[in-house]
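Here's a friendly walk through one protein model. Have the sequence and the 3D view open as you read.

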Amino acid sequence: MSDAVPTGMGSRPVRVDTVEALRATVHGAPREATWGLVPTMGALHDGHLSLVDRAVAECDHVVVSIFVNPLQFGPAEDFETYPRDLARDLELLAARGVDVCFTPAAAGFTPAGLRTTVRVAGLTEVLEGARRPGHFDGVATIVTKLLASSRPDRAYFGEKDYQQLLVVRRLVADLDLGVQIVACPLIREPDGLALSSRNVGLSEHDRRRALALSAALHAVAKAWDGDAGTARARLHGALAEAPGVDLDYAEVADPETLEPLSGTVRGPARALVAARVGGVRLIDNVALSAVGVDAGAGH
Ligand code: AMP
């Protein structure tokens, strides 16, 4: 149980750290008020804040959760060293007009006795799911708990984690959770690097090397003419040769099912990559629109 249940929205954001306190806060607001939820793992950057700003603009009240979810990290992954800076995160959220910051303790939110797993079949077995066994089960289970705890009208997710966005959309549809999932565009540094909490682990040298990911995606998107095989080979070739980039995958996939595409593609597609640079695992992706196909076909 929490020591105190916040009763008002006077000093924002109200920080709550138990599901009971979160429920009391959200349900204490007028019934017609709309709530937005922005789930994060903290170490906030402008990518996260773009989701927060959109939620604040579109909803009467906003909850931002900060929880480094142990269930989504494999045993050999970076749970222990994942960046954390709660004091700075709270300051950033206070400046954005967020109402509630939910910071559950792992012991209460993911207790050792947890026996329920939410698993989205199919979508979670390719790309990230194939390389990180159990990752999306951990994501889906915690996102379901966050949605059940806060019962928002809308929840905001970034296209940076494109596969995660599809997984969340699917679980919300399958379980009739009745929340609108809002997809927000991927935010990049001016030089193209996708913003990520993990970028702080890159040395200046590795950061420059990491630009190969966004550069390769950009080049493929620019040259996109609907030929999926050529686009995949080009992406693969560029990243396999990039110095200091240990390529995990480079794929051109259906934007809804994530199945690999081949031959000539008439509709939209998505190019997705993952690689390790200086020991930091990075992911990035870009939309390949159907417009190029139409334009090309018209000439
Ligand atoms: P994380 O803290 O990495 O779990 O991310 C929390 C949310 O922020 C997820 O919905 C991410 O997709 C989103 N996000 C992270 N980085 C970016 C970015 N560069 N642009 C847009 N959204 C992002």
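R198 counts as buried, at 19% relative accessibility (buried is under 20% relative accessible area, exposed is over 50% and partly exposed is in between, using a 1.4 Å probe and protein chains only). Its side chain meets that of D78 in a salt bridge, 2.7 Å from N to O (that is, a side-chain nitrogen of Lys or Arg within 4 Å of a carboxyl oxygen of Asp or Glu). The two come from distant parts of the chain, 120 residues apart: D78 sits in the loop between β3 (61–66) and α3 (86–95), and R198 in the loop between β6 (180–184) and α8 (204–223). D78 itself is partly exposed, at 23% relative accessibility. Helices (H or I, at least four residues) and strands (E, at least two) are DSSP runs, numbered from the N terminus.

A quick note on what you're looking at: this is a predicted model, where local features need pLDDT of at least 70, side-chain atom pairs count only at pLDDT 80 or more, and totals for chains, interfaces and linings use all residues. Residues are numbered from 1 along each chain as its sequence is written, and side-chain values use heavy atoms, with hydrogens and water left out.

How many salt bridges does the structure hold? The count is 14. Side chains of opposite charge can pair when their charged atoms come close.

| Pair | N to O distance |
|---|---|
| R54 and E58 | 2.9 Å |
| D78 and R198 | 2.7 Å |
| R281 and E128 | 2.7 Å |

Take R54 and E58. They are four residues apart in helix α2 (residues 46–58), so about one helical turn separates them. R54 is partly exposed, with a relative accessible area of 31%, and E58 is partly exposed too, at 33% relative accessibility.

Now for R281 and E128, whose side chains also meet in a salt bridge. R281 lies in strand β9 (residues 280–288) and E128 in helix α5 (residues 128–131), so this pair ties together parts that are 153 residues apart in sequence. Buried or exposed: which is R281? R281 counts as buried, at 17% relative accessibility. E128 is buried as well, with a relative accessible area of 5%. Both belong to a network of salt bridges that links E77, E128, R131, R132, D248 and R281.

**Around the ligand**

There are 17 residues around the ligand, and M41, H48, D161, I187 and L195 come nearest (a residue is near a molecule or strand if one of its heavy atoms lies within 4 Å of it). A polar backbone atom of G158 is 2.9 Å from an oxygen atom of the ligand. On the nitrogen side, a ligand nitrogen atom is 2.8 Å from a polar backbone atom of L195.

**Spaces in the protein**

What is the volume of the largest cavity? About 60 Å³. A cavity, on a 1 Å grid over the protein atoms alone, is a set of points where a 1.4 Å probe fits but cannot get out; a pocket is an open set with protein on both sides within 12 Å along at least five of seven lines, and lining residues have an atom within 4 Å of a point. Grid points are joined across faces, edges and corners, and a volume is the space filled by probe spheres set on the points. The count comes to one cavity of 30 Å³ or more.

The lining of the largest cavity includes K160, S196, N199 and D284. Both α8 and β9 supply at least two of its lining residues each. By class, this lining has six nonpolar, three polar and two charged residues (Ala, Val, Leu, Ile, Met, Phe, Trp, Tyr, Cys and Pro count as nonpolar, Asp, Glu, Lys and Arg as charged, and the others, Gly among them, as polar).

The second largest pocket has a volume of about 250 Å³. Of the 17 residues that line this pocket, H45, E189, S196, N199 and V200 are the closest to its centre. Its lining divides into seven nonpolar, four polar and six charged residues.

**A last stop**

H135 is found in helix α6 (residues 135–150) and counts as buried, at 7% relative accessibility. H135 and G74 are 61 residues apart in sequence, and their C-alpha atoms are 7.0 Å apart in space.

Methods. A polar contact is a pair of N or O atoms within 3.5 Å; within protein, one must be able to donate a hydrogen and the other to accept it, and residues adjacent in sequence count only if both atoms are side-chain atoms.
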